[in-house]
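Let's take a walk through this structure together.

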Amino acid sequence: MAVAVGVDVGGSGIKVGLVDVERGALSGPRLRVKTPQPSTPAVVVPIIVKTIRRSLLEAGVTAPDVPVGVGMPAVVIDGVTKSAANIDQGWIDYDLGAQLRSSLPGPVVVLNDADAAGLAEMRFGAGAGERGVVIVLTLGTGVGSGLFNDGVLVPNTELGHMEIRGRAAERRSASSARTRRGLSWKAWANDLDEHLEAIDRLFSPTLIILGGGVSKDADKFIGRLTVRPRVVPATLRNDAGIVGAAMAAAERAAAG
């Protein structure tokens, strides 16, 4: 069994788990700790390292060189977080890859969190076998996006930051926006629909996959959407980011 640790850092929580990357499923406990406030690198990085070590311990893994993949709510280039979406601004231009490699014995890969979730959905979930342009959106504290063409990732798209009605689209279409504004599922679906229509005008996807915790309530809003492409809920739900980050780390390690 090929395993790797996946880490999904979000605005409200940090999720960690050992993943069987051949099956796309957790092979150890799924750990979650609250994202501290303020969520500066100096505070968050030690929590990531500690939780990774705890995950390996609880899964009974003693090998020192298990690959680790970390999904961050940021544009990530060569292990450096170049932006900070729904997390402390101290992450801008922070070399997280180098920092983690100095603390962990195995190979480390850092990537955008929605890209990680998208990788998992395209391999093991709702996007498996899909050709053409597929967009995976994670609807949570903000809106992350993964863009794929014939199954190949185009990294670091930030479609949650598209401007609609003079402000970032995620201010209305994120799952947190529905609860913050006290909207009904119908009212929120209208806002989400407007965002999806703007995405369709730019990218003409054949399929849109909606992930994040809200995907478990897909029956309450997907049927209300009118956008042209097919829209389906993610099947890996909140585990997608963990699984995809672990996949990325395992594949990088295998490639040398």
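What follows covers the nonpolar cores, the pockets, one serine and some backbone details.

A word on the ground rules: this is a predicted model, in which local features need pLDDT of at least 70, side-chain atom pairs count only at pLDDT 80 or more, and totals for chains, interfaces and linings use all residues. Residues are numbered from 1 along each chain as its sequence is written, and side-chain values use heavy atoms, with hydrogens and water left out.

Let's begin inside. In soluble globular proteins, nonpolar side chains tend to be buried together. A nonpolar core here is a set of buried Ala, Val, Leu, Ile, Met, Phe, Trp, Tyr and Cys residues joined through side-chain atoms within 4.5 Å; buried means under 20% relative accessible area, exposed over 50%, and partly exposed in between, with a 1.4 Å probe and protein chains only. The largest such core has 27 residues, and Leu-137, Leu-196, Leu-210 and Phe-221 have the most contacts inside it. At least two residues of this core come from each of strand E10 (133–139), strand E11 (143–149), helix H6 (185–203) and strand E15 (207–211). These labels are DSSP runs numbered from the N terminus, with helices (H or I) of at least four residues and strands (E) of at least two. Helix H6 gives the most to this core, seven residues.

Contact means heavy atoms within 4.5 Å, and beyond its neighbours within four places in sequence, Leu-196 is in contact with Leu-137, Ile-208, Leu-210, Leu-225, Val-227 and Val-231. There is also a second, separate core of 26 residues, with Val-66, Met-72, Ala-74 and Leu-96 among them.

What does the side chain of Ser-145 make a polar contact with? Its partner is the side chain of Thr-157, at 3.0 Å. A polar contact is a pair of N or O atoms within 3.5 Å; within protein, one must be able to donate a hydrogen and the other to accept it, and residues adjacent in sequence count only if both atoms are side-chain atoms. The side chain of Ser-145 also reaches the backbone nitrogen of Leu-159 at 3.0 Å.

Now for the open space. The largest pocket is lined by 35 residues, and Gly-10, Lys-15, Leu-139, Gly-140 and Thr-141 lie nearest its centre. On a 1 Å grid over the protein atoms alone, a pocket is an open set of points where a 1.4 Å probe fits, with protein on both sides within 12 Å along at least five of seven lines; lining residues have an atom within 4 Å of a point. Helix H3 (113–124) gives the most to this lining, with three residues.

The second largest pocket is lined by 24 residues, with Leu-111, Leu-119, Leu-153, Ala-248 and Arg-252 closest to its centre. Strand E9 (108–112) supplies the largest share of that lining, five residues.

Finally, look at the backbone. Most residues other than glycine have a negative phi, and most peptide bonds are trans. The peptide bond from Gln-37 to Pro-38 is cis, with omega near 0 degrees, and Pro-38 is in the loop between strand E4 (31–34) and helix H1 (41–58). Asp-93 has a positive phi of about 65 degrees. Ser-204 has a phi near 45 degrees, also positive; this residue lies in the loop between H6 and E15 and is partly exposed, with a relative accessible area of 48%.
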